[in-house]
Amino acid sequence: MRGDSASEQPTTTSESDGAIPELVQEHAERLYQFAALFLGDAKSAEAAFSDGYRRIAEELGRSNVFGDAREILYRAVTRSCLTRLAKDRALRGYQANSADDQDVAAAFSVVGGFSMQQRAAVLLAACTESDYRLAGVASGVGESRARDLLYAAEQQFSEAVGGAPAGGSFSDAIRRPTLPAPTEHPRDLAMAAVAKAPARDGGIRRFLRLAAGPGLLTIILIGAMVLIPQCGEPSIKTGAGRTSDIAFGYDRSDQGIVVFDTGSGKTLLRMPNGVVSRDGRRLYHTTVSCDTGLCLSRIQMMDVATQSDSDILTLDGRLAALDVDEVTQLVYLGDEGTEWNRLLAVDLGTKRLVGSFQGPPVLDRPFRPRWVALTEDGQALAAVSWIADAPQGVVLWIETGNLQIINPVRLSIGSADGVVMLPRIVHNRAIVYAAGRPGEDARMVAAPLDTNELARGLRTAPVDGGAQNAMALGPDDLLYVVGDAGAIIRVNPSTMERVGGGIKDAPAGLVTTAIGVSTDGAMLYTIRSDGSYVVIDAESGNELLRRQSVDVASILQVNRGE
């Protein structure tokens, strides 16, 4: 595991011996309170709470904790809670009852209006007395977003109680309910969970675990420095880590994924097509074999650092991975054998098929790779398709809990080939490039999950008609896209309004065909129509590095180096 600072060193054995008592003594009661409020069920809260402590004990025992152990503990408990909420729809969180006062009822009514991931951030911020960094890291929304969410909750709470709460602030009301007592004191539960953690690895096993550590890890870096000839080629330092960012992109033949060093443009690894985990550690993909008309798909997980595969499950059909949620432990797949009209969900923990959905027959290939993406909290996915009879495009929002359509958003586009989807959902909005009908300009569309937002009309931004793959989400939560004048522009995904001036990139006669943003937001990684890779300054547009003829067609994601 790793923390948010790439410069952090792993916790040593002696440090881990002292870390556990501190984590138990100072955080057990607060963490149990959060889990009980988030899940609303004492038994489930105990299980999630214990999972978190067992996980941190395992990682500390392996000296595999990079960064703040406290943050990793809170994140482990939160993820365990989210997994349970996704799998058990009977869990609804704490429900105010007759024993609670009016303020408590109002506070939990406000909390119920947020998505699961946002709810986690709000409850964590309240339970930790406004520790926004801890709430942001544990929930996955980030520090600034956690601050904004708690502020929004406080405003709604103030309106609900008429501006004058009788018993203190929103956070006070959240912490006030009397929860069912756990079977043991939270500190005793935590110590029992720690005792169940496997014993420390020693010697060579521990070294190998560290060698396969976080990010794209030691093996890739050794390969980059030793196996790839240097030949005096230019390179620069990129991103927020000690080493340069690592980027993933599709190759030009569309036969696989290329992993490359953003500081030089050199290819580090080649992998089969599939879905890369958010942290860049794992690739989920399928191997298909057919015999006399019967096709079987072996679903596999590849460790990116070691290139080793582990089997998950074999199913009928010609399947391909669409997206993965490692919090809820679900991978979603489409079936080419049904013209990409079947969606499947596989549980990574139990290694079983847990859901299947057949799309409406009027849709053209709704569940094909690169046209499907999950929301941040994993509660819904968006799929882009085409209605041939209309003709028009559509974004299907599907609830992942029961694999049912909850909100179709119609798009005015020229053809199915004129659509590209950003591989990340941004604030519950699917970002889609639409080529437009004849005579219409190309544009970028934000298709919302929220039906109330949809009722106010789709928000769009003008884009370059020749730069379909040139969309990226930066660490500043802004979209980077080639605008209608050819320059790279920043767009607010909530309003689809342009932010600041344009960044001139490709010279006359060339088009920027792909964009990535460095993890510190200072640089843009671009691919041009002549096949060159160019790094530019995100503010001035000055060229910082150029590498001719790289085998990258589009940039999927960027991860921080060591």
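**Entry: helices α2 and α3**

I began with helix α2 (residues 42-61) and helix α3 (residues 69-87), which pack at an angle of about 140 degrees with their axes 8 Å apart. The model is a predicted one, in which local features need pLDDT of at least 70 and side-chain atom pairs count only at pLDDT 80 or more, while totals for chains, interfaces and linings use all residues. I noted too that residues are numbered from 1 along each chain as its sequence is written, and that side-chain values use heavy atoms, with hydrogens and water left out.

For my own reference, helices (H or I, at least four residues) and strands (E, at least two) are DSSP runs numbered from the N terminus, and axes are lines fitted to C-alpha atoms, for helices over the stretch in contact, with angles running from 0 to 180 degrees between N-to-C directions. Angles under 35 degrees count as roughly parallel, over 145 as roughly antiparallel, 65 to 115 as roughly perpendicular and the rest as oblique. The pair α2 and α3 is therefore oblique.

On the α2 side the contact (heavy atoms within 4.5 Å) includes Ala47, Phe49, Tyr53 and Ile56, and on the α3 side it includes Ile72, Leu73, Val77 and Arg84. By class, I read eleven nonpolar, three polar and three charged residues in this contact of α2 with α3; here Ala, Val, Leu, Ile, Met, Phe, Trp, Tyr, Cys and Pro count as nonpolar, Asp, Glu, Lys and Arg as charged, and the others, Gly among them, as polar.

**Entry: helix α6 and its partners**

Next I followed α3 to helix α6 (residues 132-139), where the two pack at an angle of about 50 degrees with their axes 8 Å apart, so α3 is oblique to α6. Their crossing is right-handed, and Arg70, Glu71, Tyr74, Arg75 and Thr78 of α3 meet Arg133, Leu134, Val137, Ala138 and Ser139 of α6. This contact of α3 with α6 has four nonpolar, two polar and four charged residues.

I then took α6 with helix α7 (residues 143-160), which pack at about 105 degrees with axes 7 Å apart, and α6 and α7 are therefore roughly perpendicular to each other. In this contact Tyr132, Arg133, Ala135 and Gly136 of α6 meet Glu143, Ala146, Arg147 and Leu150 of α7.

**Entry: a cavity and a pocket**

On a 1 Å grid over the protein atoms alone, a cavity is a set of points where a 1.4 Å probe fits but cannot get out, a pocket is an open set with protein on both sides within 12 Å along at least five of seven lines, and lining residues have an atom within 4 Å of a point.

I found that the structure holds one cavity of 30 Å³ or more. The largest cavity is lined by Ser115, Gln117, Gln118, Arg145, Glu376, Asp377, His427 and Asn428, and this lining has no nonpolar, five polar and three charged residues.

Last, I looked at the second largest pocket, whose lining has 40 residues, with Tyr250, Pro369, Arg370, Trp371 and Leu556 nearest its centre. The largest share of that lining, five residues, comes from β8.

Key. Grid points are joined across faces, edges and corners, and a volume is the space filled by probe spheres set on the points. A crossing is left-handed if the near helix is turned anticlockwise from the far one by less than a right angle, and right-handed if clockwise.
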